Amino acid sequence: GCSYPVEGFWKHSYPISVNTATSLSHSTPINAVLLKEALESKESDLVFPSEDFSSQALVPSRQKYLEMYKKSIEDPAGFWSSIASQFYWKEKWGKQVFSENIDVSKGDVKIEWFKGGITNICYNCLDRNVEAGNGGKIAIYWEGNEPNIDGSLTYSELLQKVCQLANYLKDAGVKKGDAVVIYLPMLMELPIAMLACARIGAIHSVVFAGFSADSLVQRIMDCKPKVVITCNAVKRGPKVLHLKDIVDAAISQSAKNGISIDVCLTYENQSAMTRGDTKWHQGRDIWWQDVVPKYPMTCEVEWVDAEDPLFFLYTSGSTGKPKGVLHTTGGYMVYTATTFKHAFDYKPSDVYWCTADCGWITGHSYITYGPMLNGATVVVFEGVPTYPDAGRCWDIVDKYKVTLFYTAPTLIRSLMRVGDEYVTRYSRKSLRVLGSVGEPINPSAWRWFFNVVGDSRCPISDTWWQTETGGFMITPLPGGWPQKPGSATFPFFGVQPAIVDEKGAELQGECSGYLCLKHSWPGVFRTLYGDHERYETTYFKPFPGYYFSGDGCRRDKDGYYWLTGRVDDVINVSGHRIGTAEVESALISHSQCSEAAVVGVEHEVKGQGIYAFVTLADGVPYSEELRKSLILTVRKQVLPAENAASRRRL
Ligand code: WTA
């Protein structure tokens with residue numbers, strides 16, 4: 001068993017006694033600092049958007065929002081199909097815009113949107129924008145790790161590069177429905193690779209470049225790709241990470257388990273490492289630069305059904321191994337595009353920068369797909385926000401005249417600590433809207449972001465959502481209504497939150513409890529790859545009739561939603577979801593550890609840190625060396641490789 005470190009430590013956790021198949025038996029502590037700050041915040045804390053801002057906003061008032069929201073709830077089919085019609089469909093969806101069963105008592109959980117509609121998300125991101133006359137518009141500004149290394153691609157150029165890679169992949173034998181594992185850092189080649197897969201109907205599985213070989217093996221074993229796409233190395237800040245070595249180790253481990261990889265397409269990232277220094281497996285490894293540019297710059301689109309899979313993305317749960325979240329094409333396309341447009345009040349003249357990595361859902365939905373579906377100009381940044389110094393973000397904002405800046409509370413808190421002067425020495429006058437994601441943002445970090453970074457001019461969209469939801473669920477629409485620092489405010493169109501008690505009864509008005517969602521929305525994931533039963537058990541069985549988010553939530557008297565953190569056995573370290581069970585099983589795999597119990601503890605910058613209680617094997621004395629060796633074991637099995645953790649959403 002384990003004892004808890006601090007008396008009263010649990011006092012802010014929800015009394016959880018739900019008898020379900022998932023492990024809700026004890027909760028991780030709600031971030032007490034956050035909760036205290038949130039509870040103390042008053043109505044006078046309302047922060048109003050300026051009239052100038054509201055008057056030009058897509059949704060200029062609460063009233064307009066309520067009208068649209070009402071329509072989205074009363075007639076979801078009508079609401080979403082009129083938005084979907086703005087995209088290109090080779091064939092329109094069938095009579096039924098959507099069908100859903102999310103109630104386990106009524107049979108298998110099944111969700112479909114735009115079934116029978118034939119489309120392609122890459123076509124809608126690229127060809128559609130080029131054909132509309134925007135081929136010359138910058139699609140990607142790429143900023144390298146070093147401040148003087150950069151590049152850019154217009155929509156036409158991006159389309160050509162995507163087509164070349166798509167042609168190569170087809171030649172390498174990748175067909176519709178095949179999986180491709182992508183293990184790339186934030187080079188332009190990462191969104192290029194995602195879009196190339198989508199173009200030919202292949203399913204991408206992007207693995208955050210920095211995850212250990214073990215994690216990569218597990219993802220390879222799961223989806224059995226023909227091709228792995230990687231690069232030789234990357235520099236993050238002053239450090240070089242040898243990604244190809246990690247891939248080599250993973251591929252040889254996978255081969256021992258019976259899954260062999262035919263092709264490892266390797267991009268030569270010259271600024272980090274030269275070819276000569278890269279270990280090479282003749283026959284299997286191929287330099288991207290040697291083959292891809294030789295292919296034609298056009299490539300026919302593989303038309304797919306709206307419900308054909310687009311990608312897998314793994315995320316930690318409260319039990320067992322990471323889960324392969326599966327998103328399909330049509331609904332995800334419509335949902336990411338619409339949420340992006342509204343939550344950032346997107347205008348064609350905007351320059352958008354999201355500091356996340358494409359290895360996470362934020363990078364899938366809000367670096368690649370959502371923005372490009374809108375024809376937006378996106379900044380892709382290879383480096384870290386503290387290199388060469390803590391002013392790098394604002395340097396980049398000024399360099400590209402970034403108007404929409406989307407980041408994570410953990411970065412905000414860490415930059416807050418180093419001092420305002422890193423911010424104020426840059427102009428930042430291009431900024432229009434700020435965004436936050438990944439964990440609850442405490443009101444003091446919110447205020448610093450608002451006052452110092454945004455010069456008290458820019459609304460903040462604190463977007464609550466999850467890998468599973470595909471896109472934003474609860475978020476401000478800047479310009480639409482006043483914000484309360486620390487609150488994600490109101491549900492997006494089509495989203496019906498329900499706060500339930502431990503028995504699953506929906507609470508009304510001002511309340512707090514478990515955050516669930518009623519009904520499906522186009523962007524929701526359709527299954528856990530290869531394990532539909534776990535999908536149902538984890539998300540739909542805890543509170544029958546609802547999708548259960550795993551988060552706690554409070555609704556105040558004005559109807560504003562305040563997310564309070566996970567209530568299951570998942571901890572959130574710098575916005576990085578980590579299952580306590582995963583850490584525990586890594587610890588007990590250590591020969592000198594017989595038992596382990598892991599909890600989250602409050603952390604000033606990271607939100608939560610990991611705290612482990614261990615029982616050592618008989619006769620083994622505790623030592624500093626052993627402590628380090630246990631941490632290393634966890635690092636190796638569960639966490640991204642060294643230095644990479646800081647890239648989570650930074
Ligand atoms: C947390 C990231 C409060 C939450 C997009 C959720 C948040 C988990 C917020 C999903 C927010 C994300 N306010 N909490 N604005 N955004 N979370 O799957 O606990 O990596 O369940 O998706 O992050 O993390 P994931």
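V524 sits in the loop between β22 (511-518) and β23 (527-528). The model is predicted, and in it V524 is buried, with a relative accessible area of 2%. Leaving aside neighbours within four places in sequence, the contacts of V524 are I111, H327, E468 and T469. The separation between V524 and E468 is 56 residues along the sequence, while their C-alpha atoms are 6.1 Å apart in space.

Helix α18 covers residues 532-540. Seven of its nine residues are buried, so α18 is largely enclosed by the rest of the structure. Those buried residues are R534, Y535, E536, T537, T538, Y539 and F540. They pack against β2, β15 (323-328), β23 and β24 (547-555).

In α4, which spans residues 76-84, the buried residues are F79, W80, S81, I83 and A84.

Helix α19 (residues 580-588) has T580, E582, V583, A586 and L587 buried. Seen down the helix axis, the buried residues of α19 fall within an arc of 165°, so they line one face of the helix. An α-helix has 3.6 residues a turn, so residues three or four places apart point the same way. The partners that the buried residues of α19 pack against are β26 (570-573), β27 (576-579), β28 (593-603), β29 (607-616) and α20 (624-637).

The loop between β26 and β27 holds S574. S574 has a positive phi of about 50° although it is not a glycine, and it is buried, with a relative accessible area of 13%. Most residues other than glycine have a negative phi, and most peptide bonds are trans.

A positive phi also occurs at R428, where the value is about 55° and the residue is not a glycine. R428 lies in the loop between α16 (421-424) and β19 (433-436), and its relative accessible area of 3% makes it buried. S430 is found in the loop between α16 and β19 as well. S430 is buried, at a relative accessible area of 17%; the cut-off for buried is under 20%. Not counting residues up to four places away in sequence, S430 touches V397, K401, V402 and T403.

The backbone has a cis peptide bond from Y387 to P388, with omega near -5°. P388 is placed in the loop between β17 (377-381) and α14 (392-400).

The remaining values describe the protein as a whole. Its secondary structure comes to 20 helices and 29 strands. Of the 650 residues, 64% are buried. Among contacts with a separation of 6 or more, 73% join residues 24 or more positions apart. A compact globule of 650 residues would have a radius of gyration near 26 Å, and the 23 Å of the protein agrees with this. Along the principal axes, the C-alpha atoms fill a box of roughly 70 × 65 × 60 Å.

The protein exposes about 23,500 Å², and carbon and sulfur atoms supply 51% of that area. As for charge, there are 66 positive and 72 negative charges, and their mean positions are 2 Å apart.

Methods
Residues numbered from 1 in each chain as written. Predicted model: local features only at pLDDT ≥ 70, side-chain atom pairs only at ≥ 80, totals over all residues. Heavy atoms only, no water. Helix = DSSP H or I, 4+ residues; strand = E, 2+ residues; numbered from the N terminus. Rg over C-alpha atoms; globule rule 2.2 N^0.38 Å. Buried < 20%, exposed > 50% of the residue type's maximum accessible area, 1.4 Å probe, protein only. Contact = heavy atoms within 4.5 Å. Areas by Shrake-Rupley, 256 points an atom, 1.4 Å probe, with all protein chains shown as cover. Lys, Arg positive; Asp, Glu negative; His and termini not counted. Charge placed at Lys NZ, Arg CZ, Asp CG, Glu CD. Arc of directions from axis to C-beta.
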